[in-house]
6 protein chains.
Amino acid sequence: MATRSPATVRLVDEASAPARVAAVFQDIKTTKAIDFVPNFWRVLATQPDQLERVWSHLKALMHPEACGRPSRLDPLTREIIALAVSATNGCAYCVNSHTAAVRKLGLDVEALGEVLAIVSLFNSTNTLADGYQVEPDVLPPQE
Amino acid sequence: MATRSPATVRLVDEASAPARVAAVFQDIKTTKAIDFVPNFWRVLATQPDQLERVWSHLKALMHPEACGRPSRLDPLTREIIALAVSATNGCAYCVNSHTAAVRKLGLDVEALGEVLAIVSLFNSTNTLADGYQVEPDVLPPQE
Amino acid sequence: MATRSPATVRLVDEASAPARVAAVFQDIKTTKAIDFVPNFWRVLATQPDQLERVWSHLKALMHPEACGRPSRLDPLTREIIALAVSATNGCAYCVNSHTAAVRKLGLDVEALGEVLAIVSLFNSTNTLADGYQVEPDVLPPQE
Amino acid sequence: MATRSPATVRLVDEASAPARVAAVFQDIKTTKAIDFVPNFWRVLATQPDQLERVWSHLKALMHPEACGRPSRLDPLTREIIALAVSATNGCAYCVNSHTAAVRKLGLDVEALGEVLAIVSLFNSTNTLADGYQVEPDVLPPQE
Amino acid sequence: MATRSPATVRLVDEASAPARVAAVFQDIKTTKAIDFVPNFWRVLATQPDQLERVWSHLKALMHPEACGRPSRLDPLTREIIALAVSATNGCAYCVNSHTAAVRKLGLDVEALGEVLAIVSLFNSTNTLADGYQVEPDVLPPQE
Amino acid sequence: MATRSPATVRLVDEASAPARVAAVFQDIKTTKAIDFVPNFWRVLATQPDQLERVWSHLKALMHPEACGRPSRLDPLTREIIALAVSATNGCAYCVNSHTAAVRKLGLDVEALGEVLAIVSLFNSTNTLADGYQVEPDVLPPQE
């Protein structure tokens, strides 16, 4: 048995982060109410422009209340979407991270199972629709 | 400009479906409260075993109330998951079908935009996490 | 309703193909026992190096008998693999092409349904394994 | 070097499984003729409905003889499809599991190489067909 | 033969766009030096927040000179990355759009063939690496 | 925490490789100017036909100068394409390998961040284009 290799860049430490990066790190911890900076953000910090861009984008969509923006979706639904996408793509980091998030928002193991069952169902039906090249149904137009 | 080719098998017509297939077609229309059989099911009907298996699987997960089963997710959340998966996979039939479904359940064009924005955000962060090979955060264990 | 756009490059015509391309076109028709050059090869012919490379690669693997090479898989199994990959990727051209190939090799509509059912099943279980981040089972080593 | 994180839920032990789960576990071991319950099923057991649904679906398609159903495909071809899908999706658990299965069914290392070569060939041609947006060939219609 | 269905939302017309949307449309045309608004942006305009967010993100990365930012990559390399991703994902709109962009930047049909050959090669080797579960090489660490 | 499982086949050692395999191994080391044989090639060597086929294909496209062939792309652009594909597919081995290659060719951590930012941007816009089923723009035809 061998071990998994680490990230392809050296993670930026909170302690030694330049001011610009430290400000984003602090905002991430405050907005997400967590007491550490996840590895994802420590990796992006190797390119500070990217860190700022991705964080502001994610903050706007996933923490709209912190941005004073209205949202039509509740926080759990938003995290369920994140998990559905991550499971479909098979992204290990993302599945771990968003599973932790939905659990923290109250989804228990049984309900997590229901979510993943639905995600896997549609990966299956997508394959059938593509595998048969089914044409879209002709539906009445809508706005 | 050329035209899109049709499905790779001939769709089964409602009118001429054998009894076993007709029964599933009827259940689909009743359960989904629609007055036509979507092309997806007409294609699966070319192999009746498969039609029954996929429909009973989808009915159990997407129409649990019709099966007398409890669900932890509301119908709109379930369809949003279906759309998130279908957009991530780029399945044309499925995107059309699940967009129609979320619209019917009350999601307007603005809210659809919010859903797809979140879906696309996580396809983007998945790529970054995989592209840097970020290791999962070490979190406290949970049941 | 709008129409599908054509390929992003102009297809090379058999009639006006340069000698090097014409030779590959002829080999494709002979090896596959067909009387036209599929669009895929007419597109690749816009870069003759690529046409030769892809065709020789595909010929070696899919028509080993024409290359005097042994194969452990029969022609239908090889085409079934091609269809499984194409359905999983949702590649429209490829699904059409490999469905035609498996049909020509004797797979009827029912058996095609069985193949696609299995393909979709494993797209579903793949999602579950990734969605739960299941660790590989520890199995006894093998050569 | 860091280590791979474990599954996102605690695996259900055979010894302490509730009766409903234990019955499925036993059926898996009997049907597959193995003496342990693979991690995949131990994870699904966290939601017993899902365990039953996925197992009955997989049993019907992959062990049709145990269900008294006819199949048009032999067991090795079915497992080769599973491996082709899993390699295309890059699912680590699934590749490990289905490689073990095809090996057990007699595929040696050389033949495994032929299977994966064909799987990779079609991932390559799929990319070319999509990358050039090749239109499907116009073929004579078939039933 | 049937026709491709249109987008799932009604495209926003330049003529009737609200001021906020019209400003982005104008910036797109100016920055990209084109005289029409591509369908992609007309669709995103159904949710103006999203239009602004995606455009500012894309402008920053793909038109850094217009933002007064330095870039380490030339415009053609950036568009080649866009095409490589789009071909890998099989996104029809995106392949069409980025093929047009690389052509406009001077890539002829032969060189386009070289790009797509490399894209397809690595989709093939990715499948082999995942299909065999090859472990990363142990390399000397680097900053 | 558990460990990552090894490759599904035993890697071929340089020391004990048969002559045919050893010749390819030597060519890989010479052409790439490295002093070890990467795991990828040691795995493919379990099926020598495949090793030769994949290596000659990769050598022709990625080391054209060693084959006396002209190329329109410089070595760094070619490796950037490889990384873009690998990050999009989430292939762990490939991301590690091609990140090492672009670093060796001079891309520093900041520029790597720019590449991955662009790769992730287009995974995001691909999802939006597919998620809305945007139709290709009608453009003037080109050769």
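Some ground rules. This is a predicted model: local features need pLDDT of at least 70, side-chain atom pairs count only at pLDDT 80 or more, and totals for chains, interfaces and linings use all residues. Residues are numbered from 1 along each chain as its sequence is written, while chains are lettered from A and ligands numbered from 1 in the order in which they are written.

Start with chain A. Along the sequence the pattern reads α-α-α-α-α-α. Helices here are DSSP runs of H or I with at least four residues, strands are runs of E with at least two, and numbering goes from the N terminus.

Now its dimensions. The C-alpha trace of chain A spans about 55 × 50 × 30 Å along its principal axes.

How much of chain A is buried? Of its 143 residues, 55%. Buried means 20 or more other C-beta atoms within 10 Å of the residue's own; exposed means 12 or fewer; partly exposed is in between; the C-beta atoms are placed from the backbone.

Next, contacts. Two residues are in contact if their C-beta atoms, placed from the backbone, lie within 7 Å. In chain A, take the contacts with a separation of 6 or more: 49% of them join residues 24 or more positions apart.

Chain A has two domains: domain 1 (16-71) and domain 2 (73-131). Those bounds come from an automatic or database domain assignment. The C-alpha centres of the two domains lie 23 Å apart. Four residues of domain 1 of chain A are in contact with four of domain 2 of chain A. On the domain 1 side, three are nonpolar, one is polar and none is charged.

Let's bring in chain B. Here 60 residues of chain B are in contact with 60 residues of chain A. Which element of chain B gives the largest share of that side? It is α6(B), with 15 residues. Other elements giving two or more residues include α3 (48-62) and α4 (75-89) of chain B. By class, this side of chain B has 35 nonpolar, 16 polar and nine charged residues. For the classes, Ala, Val, Leu, Ile, Met, Phe, Trp, Tyr, Cys and Pro count as nonpolar; Asp, Glu, Lys and Arg as charged; the others, Gly among them, as polar.

A rotation of 180° with 0.0 Å of shift along its axis superposes chain B on chain A, RMSD 0.0 Å.

Chains E and F next. The contact takes 60 residues from chain F and 60 from chain E. Chain F superposes on chain E by a rotation of 180° with 0.0 Å of shift, RMSD 0.0 Å. The two copies are thus related as by a two-fold rotation axis.

Last, the core. A nonpolar core is a set of buried Ala, Val, Leu, Ile, Met, Phe, Trp, Tyr and Cys residues joined through C-beta atoms within 7 Å. The largest has 264 residues, and A:I81 is among those touching the most other members. Helix α6 (residues 109-132) of chain A gives the most to this core, 11 residues. Leaving aside neighbours within four places in sequence, A:I81 is in contact with residues of chain B including B:I80, B:V115 and B:F122.

Conventions:
Least-squares fit on C-alpha atoms with pLDDT ≥ 70 in both.
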